[in-house]
Structure formats: structure tokens, C-alpha cells
Amino acid sequence: MRFESVTPRKSKPRRTSSLAEHVLYVVFIGGACCALARPCLGQQEQRVETPPTTAASRSASQSSTTGQAPQASKSEQPETESETKKKRLLRGSFLVAPLPISSPAIGTGIVPVLGYIFPFSRNDKISPPSVIGVAGLATNNGSRGFAVGGQLYLKENTYRITSGFARGNVNYDIYGTGVFAGRKLPLNQTGQAFFAEFLRRIGWKFFTGPRFVTGRSFLTVVPNNASNFPIPPNIGLNTTLTAIGAKLTRDTSPNRFYPTSGSFFNFTSDFFSQTLGSKYSFQSYKATFSEYWSLSDTQVLAYDAYFCGTGGSPPFYGNCIYGTNNELRGYTAGQFFTRYALATQLEYRRVLPKRFGFVVFGGIGGAIPSGAQLYGSRKFLPSGGGGLRFALSKKYHVNLRADIAQGRDGHTFGMGVGEAF
């Protein structure tokens, strides 16, 4: 799961945002707790130990020279209780990142992030490190939110459990198309969401299992001067969305936080149904494929492809929302929410001395709405840019990233924890 905040800098006044960007988006940031949610083997620190035979020979030598009985060296003496407790406290690594956010949709503020990476069992040398964390949201337009979640790897990487909860209050604008192009409607949306999934290894490094998503929100229109703007349905009503689904994933990269080789595949399907208590009945499908090539000890070339599709009759914020999953940088999350979304990108990564690094990336994508949508339009979306990296954790190679990207209508500046893909 990767934490992230984006500062859009537009050359044109057309901007949008949505609940998925700032409330449900926060929960899936917190649910993977650091974007750090791709399953693969984490790197571990190496310890250099003195061979027992060497230590014994040293003791024997000292004994024969001094004529005294061999004594245990300081390193061989039993650990004190305080030393044992200290080692337990240093079991994992903490990540602290107060990410700034400045958005024309929800204002200026901060997204504080606290994460902890640790092995779930000391005796388990196969499972990747687990992650737990919490994230918040506070801006000057009154938007507030928090999320807490975690991802656990159990029984020598046989089981994977992910769960997260978020609650928030977000003020944002949506923009129309066609005759309403350039016009905006201010909304206030409060809500909460819970997400959980349980995966089991089935062979060939594939994992699969069920998912569950549920949430409730209350949507109102903020008093404004807009007239004849298409109003979203169910304004002023409590709306519940509930879904069961499935996930299939496979990861062969050596480090889940900084992949240098291998590949990553992920497919999810969620089925929202009124029989489960959901206000709307629709389906959501997402697929991601990434490939990594190590050019040298300090250079990596990474490729990513992304697809999102929805069926049925989703609410406008239940569609594919461009920019919420780093599928293409250079676009404000929520600027395009459509029935289908495609994206592909390539990134060059270089590690520099003193924990620093940089990346250069480029990509193309597309947003494809359906004829029945009130908002959204068909767009061809190019993107390109670069960024800097700083290693927050040398043990697991977790980077703080700062990227600037040029999109179709302007550019954005974004910060986050973990690589974009």
C-alpha cells in the first residue's frame, strides 16, 4: 500500500475531485499502509557472527598465556533483560511522513502517515514483512478524515490478510461536460468504509481469495450560484454500498517495496448488489501488470499496465476514477471518472549515494465513459515527468517520493511513500 498526496498545478481551470480520492482513497492508502501492499519477499539485514570455534580457540589461548581459567567475553555473556527488550522493540521499522497536500478542490492541508513494517513471526523466514499504519487528512476547506489498516503475511507466506477502515468528511467540486463544460457543482460528502480480504497461496506463487467492501455516505449540495447543472441522484439521502468479490495476484519480485526484477499481476472483481443491502447494483473490475528489469546494481527499468471497468448502474463516484492508483501521473485524482480507464507507463529508476535517487517516467492512457453517464468525457491522456527519492528505511528500501508530471491540461506535483508501481 502506498501513501500519497498530490498538488495539482493546472494551466486550465478545469479540475475535479471526488469522495474516492479523499475518503475511500484514504482507506485504501491506510489499508495497505503504505502502498506497500505488493506481496513478495522483503529484504532483511545481515548479521556477521563469530564462529564458535574461533571464540573457543581465543579463550584457550588466553588461558594458556595467563594461566587462568577461560572467561566468557562480553559478547558471549548472557543478555540482560533490558537488552532483550531493546531487541524486541527493534523488531521492525517505523515510517513517519507528514505529506503536504494543496488541491483546488479540497484546499491546502496535510496527510500525516505513520506506518510500521515488521515480521509477523520471528521464526518465519519466508513470509514478507507485515505492515500496519494510520493516515489522516486535514485541509483548510473543512475536509477531515482518517484511516487505519494493515496487511499481514502468515504461515510461511501461505496466507495474506488485508483490512482497513476509514471515516471522513470531504468538500469537493465536480465538473460537467458538453454544454456544462467548465462549470462546477460543489458537494459535501461524509461517510465511512470498511474493506477486508483473505488470500491463500494456490501454487506457482499465485494467491486468491474473497474480498468484502462496505461503506455508507451522505451527499449534499453546498449552496452555490450554479443553475441547471445536472444534480447527482440520491442527494440528501444516506447511501450504502456493499460488495463481495474475489482477488487473484502473483508477485515474483525480490523486494515488495522496491522491485528490481520479476513481475507483478493483480486482478480484483467486486460485485455490489441490493441483495447485500447496497443502494446500487453494479460491478467493478481492475487489473494491473508490472514488469521490472535490473540494468545494474543502481538502475531499474519498470513497466506498468492498468485497466479498470465497471458494469451495471454505479453512482458517479463508483466509476473508474483516474489518478487514484498512480495509473498515470499528471492528472488530479477525480478529474476523469468514467466507465472504462486504460493506462500504460514506463519508468527509469536510479539509486544515488546518501539515500537519494531519481526517476524519469512517461506514459499514455485513455478515459472512456458510457452514454448514460452524467459526467465524464472520452479523452486521450499522455503523461511524462520525473522525481526525486529519499530512503526512509534502508532496511526495507522504502522511499519517500516526490514527482512532478505533465498531463493533458497541466501538471501536478505529488508526494508519497513507496514507488508509484
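Among contacts (heavy atoms within 4.5 Å) in the chain between residues at least 6 apart in sequence, 63% join residues at least 24 apart. This is a predicted model, where local features need pLDDT of at least 70 and side-chain atom pairs count only at pLDDT 80 or more, while totals for chains, interfaces and linings use all residues. Residues are numbered from 1 along each chain as its sequence is written, and side-chain values use heavy atoms, with hydrogens and water left out.

**View 1. The whole chain, for orientation.** There are three helices and 19 strands here; helices (H or I, at least four residues) and strands (E, at least two) are DSSP runs, numbered from the N terminus. Of the 421 residues, 50% are buried. On that scale, buried is under 20% relative accessible area, exposed is over 50%, and partly exposed is in between (1.4 Å probe, protein chains only). The chain exposes about 19700 Å², with carbon and sulfur atoms supplying 59% of it; accessible areas come from the Shrake-Rupley method with a 1.4 Å probe, and for residues only the protein chains shown count as cover.

**View 2. The largest nonpolar core and Leu187.** A nonpolar core is a set of buried Ala, Val, Leu, Ile, Met, Phe, Trp, Tyr and Cys residues joined through side-chain atoms within 4.5 Å. The largest one has 31 residues, and Ile117, Tyr172, Ile174, Leu187, Phe316 and Val398 have the most contacts inside it. Strands that each supply at least two of its residues include strand 2 (93-103), strand 6 (159-175) and strand 19 (410-417). Strand 2 gives the largest share, four residues. Leaving out residues up to four places away in sequence, Leu187 touches Val170, Tyr172, Ile174, Pro232 and Phe316, among others.

**View 3. Asn171, a polar neighbour of Leu187.** Asn171 is another of the residues that Leu187 touches, and it sits in strand 6. Its relative accessibility is 18%, so Asn171 counts as buried. The Asn171 side chain makes a polar contact with the side chain of Asn188 (2.6 Å). A polar contact is a pair of N or O atoms within 3.5 Å; within protein, one must be able to donate a hydrogen and the other to accept it, and residues adjacent in sequence count only if both atoms are side-chain atoms.

**View 4. The disulfide between Cys308 and Cys320.** A search of the whole structure turns up one disulfide, meaning a pair of cysteine sulfur atoms within 2.5 Å. Cys308 and Cys320 are joined with an S to S distance of 2.1 Å. The torsion about their S-S bond is about -90°, so the disulfide is left-handed. Cys308 is in strand 12 (residues 299-312) and Cys320 in strand 13 (residues 320-321), twelve residues apart. Both cysteines are buried.

View 5. Two strands pair if DSSP finds at least two bridges between them. Strand 17 (residues 379-393) and strand 18 (residues 398-406) are antiparallel over nine bridges, forming a hairpin with four residues between them. In that turn, His397 has a positive phi of about 55°. Strand 18 also runs antiparallel to strand 19, over seven bridges, in a hairpin with three residues between the two. Arg401 in strand 18 is the bridge partner of Arg389, and Arg401 also stands opposite Gly416 in strand 19.
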